[in-house]
Amino acid sequence: MKILVPVKQVPDTATQVKIGADPKGIDTAGITWIVSPYDEYALEEALRIKEKQGQGEVVAVTVGPERAKEALRSCLAMGADRALHLSDPAWENADSLTVARALAAVIKQEAPPLVLFGRQAIDDDMGAMPAQVADLLGWPCASWIMEETISEDGKSVRAGRQVEGALEIFTIPLPCVLSAQKGLNEPRYPTLKGIMGAKKKEIKDVKAADLGLAADGAQLLVVALEALPPRPPGRIIPGEPAEAVKELVRSLREDAKAI
Amino acid sequence: MQIELSEEQQMIQALAREFAEKEVKPVAALLDAEARFPHETVKRMGELGLMGIAVPEAYGGSGADTVAYVLALEEIAKACASHAVIMSVNNSLYCDPVLKYGTDEQRKKFLAPFASGQQIGCFALTEPQAGSDATNQHTLAVRDGDGYVLNGRKVFVTNGREAAVALVFAQTDPAKAHRGISAFLIERGTPGFLVPKVEDKLGIRASDTAEFVFEECRVRAANRLGEEGMGFKIAMGTLDGGRIGIAAQALGIAAGAFDLSVAYAKERKSFGVPIAQHQMVQWMLADMATAIEAARLLIWRAAALKDAGRPFGPEASMAKLFASEMAMKATTDAIQVHGGYGYIKEYQVERYFRDAKITQIYEGTSQIQKLIIARHVLGAR
Amino acid sequence: MASAFWCIVEDDRAGRPKKVTGEVLGEAARLARQLGGQAEAVWLTDKATDEGLKQLAEWGAARVWLLENPALAPYRGEVWTPALAELATQHGVQAIFGAVTARQRELLARLAARIGVGLSADSVAFSLQDGKLVATRPVYAGKLLSKVTWSKPPWLATLRPNVFRLEDPKTGATPQVERPAVAIPQGTMTLAERKEEASTGLPELAEADIVVSGGRGMKGPENFAILEELAKVVGAAVGASRAAVDAGWRPHRFQIGQTGRTISPKLYLGFGISGAIQHLAGMRTSKIIVAVNKDPEAPIFKVADFGIVGDLFEVAPLLTQEFKRLLEK
């Protein structure tokens, strides 16, 4: 079975992100870029499906600038068979919907029965992409899945989505979109062999025109990024534990009115 | 001149860093305290391809190069020097000579399972009376029909207890002195191959260091690596490569201690400010950073020469000499930055200090490295 | 209706709207008033109740659009989206708001794609500038805030629970209920099983007013009982840092931070949590932060309103007792 895994290159979680000279974006100097962690769960799951079925193809795809190729290379090193790099001035600073349209168009061309996303990219934290792509394709979608099994006949998937207080397990006909939640699996490390083999695998460049897409304007516009308002300085409560706790509870009650 | 790592080298470095950070670092202190061999993590290192980095894929290796090897080794050593030496011995002192001198049949049997990390190998050269003076081999291998019979002792064999196969050096023709030394691949379990003792050590305590005894130990001629009398050449050539590995291990030890020191200096306060703001601490950190970078460049250069198929022996010796002396100094200073806490096991930096010491000794002491370098500069080779 | 702000109802699957819907209605009403409009509720359900409808009116819904159909339960995006899109297109609304919940975060994203407009997910503040809505939403897991606006209405947004105020209840208000005729597709995905999580008897993490959270300093899964004890007394949810989750001490759904939940409770109490940047990102919008840690240099003290430097195994039980004493009064 062919499985498409859209990924996004994002700053490492330990990055202290700073606002850039153009306040609509961040300062990218010195950033270590990684594949968004949730996308790694998606890729791992796709690789496991392929291994279980003993056949198939896992295709990683990203929309992003030139450096995003590194993210695709990581996916290839982990075991993806080939990659698509959607890179075009039309997609610079694109909003979710523009990216979703690009992904939907490339998915139509590739026609995989399953698209596995990470639940969200940890940069803009929008988390809209899987559902938006599903809707543009007219496919069903299960978000934040914690488990999945492809049916024997390869025509449907049983997937458990995480909702408040429960796991809802659906039978979903293919093609469909799934988005991976942490806990779905433990992603593998790439092996050295995988890394050395990655350069032999194809990364195909795709332009907007290849997908028949015109540049339409963003629907959601970033006005500016802002730093968080500083928190007022806190107070370390001194003294023996018993006294400190008494004082803490009094402060929470009387000063902060938090309880 | 360009010093730029390839994309693959960077990815291998990143992989080793992540693996070391997540899976090796958390267990390092306990393994050290219990002097316990890390079977689990070494197995994982094998699966990832860290045990035969520069061995071609056809022989079970990863098909990368020596530069990738030292990058990975530095990262592993940053977390745990014991893991690093286990990895270094398997890569440099075992896989490398079997690849270089083995027949195709030997490579299949004695290389593939080792390069892929399913088994580990070791290198047995040193004898009780022959450390730095490796020409003085007393272990005898006497030709007997289609094989040899070995008698003798080997000491300080890293990976000795855990190895499935040992690369053993023995005298096949004592009359020819070191030109009469031959190399043998001897499987554990071969009758007469005994491992009577595992040493209790100052550092690299999670790696095992064993003593071997050979008593009427019969090995087939098919187990001889290279021609009769080539043993000394194999040993010396192998150690040249090994020294790059030990240099990278020393570098990693220093870099690990340095990272701990920087973090501590930013956190620890004295006289009302973090100690990192005191000039005397800054000087120590600046010296450490500079020496670490210098060692790294020496190591990368030696590794790149080896990858290019050019002579690299003196460069490997310089890298090993500089990196191991530097590691001892850097870890000493790292304890100093930590003050009294540096002397306490909880703060881990003392482990780096203990681990650093061996890098000045094994695979040629600092004194031997100086001898090699001096011979090279005086043109006396 | 011009300047109608629609609010999608989040219910308990038994005909009662959840409190977060009140928060969404409250914010929508405040914004709509400035534009001379009103907040309205849109309820997609298999079964509404009279008291549920009344509740929506009391929370400020000037009108309730009720789509009641068995095919609407359980929530499926492929069923809800076309129905809601048809209704929205018929009525030309100004904005459609939802709550950050499992179903609505997906629903609003699908809806935005279907009608071709922007979505501000996980919004924490709104303002109107020259008659245009500007939303504030945390990005990079809350390390920065992003201000966004829409190129055209309807303005779609999801609102983070526990951030927005309820309006003063319009006690006794009667709901004006509309039951529009909208095609409800049957859908292709079918629910096979619903596995309820073992109830902790404590509130849901994202909705709780008080969150008690433990990190690496808890030293083991068994010690979380100490925090549960405390949580029970004050009615708090129990969360965990990534270190505690990765160590396997708590299931992932309890993780707070960059690869877990982002929470904004009124009171957050962190025990044995150092305050890695990834964790701070998930809780620093809490109103009051209390930190208990042995290490006086732990970064969490930099964001804490109150800190106790000490052993959590000593402090937490004392705190439980002290809260108990206070609440018994």
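**P74(C).** I started with the loop between β3 (64-68) and α3 (77-91) of chain C, where P74(C) sits. This is a predicted model, so I kept that in mind throughout. I looked up the peptide bond from A73(C) to P74(C) and found it cis. Its omega is near -5 degrees.

**P175(A).** Next I went to chain A for another proline. Where does P175(A) lie? I found P175(A) in the loop between β9 (166-173) and β10 (176-180). The bond joining L174(A) and P175(A) is a cis peptide bond too, with omega at about 5 degrees.

**E363(B).** Then I turned to backbone phi. E363(B) is not a glycine, yet its phi is positive, near 55 degrees. I traced E363(B) to the loop of chain B between α10 (349-359) and α11 (366-377). Buried or exposed, I wondered, is E363(B)? I have it down as buried, because 31 other C-beta atoms lie within 10 Å and the cut-off for buried is 20 or more.

**D130(C).** D130(C) is in the loop that runs between β6 (125-129) and β7 (132-139). Why do I call D130(C) exposed? I counted 5 other C-beta atoms within 10 Å of D130(C), and 12 or fewer makes a residue exposed.

Terms used. Residues numbered from 1 in each chain as written. Chains lettered and ligands numbered in written order. Predicted model: local features only at pLDDT ≥ 70, side-chain atom pairs only at ≥ 80, totals over all residues. Helix = DSSP H or I, 4+ residues; strand = E, 2+ residues; numbered from the N terminus.
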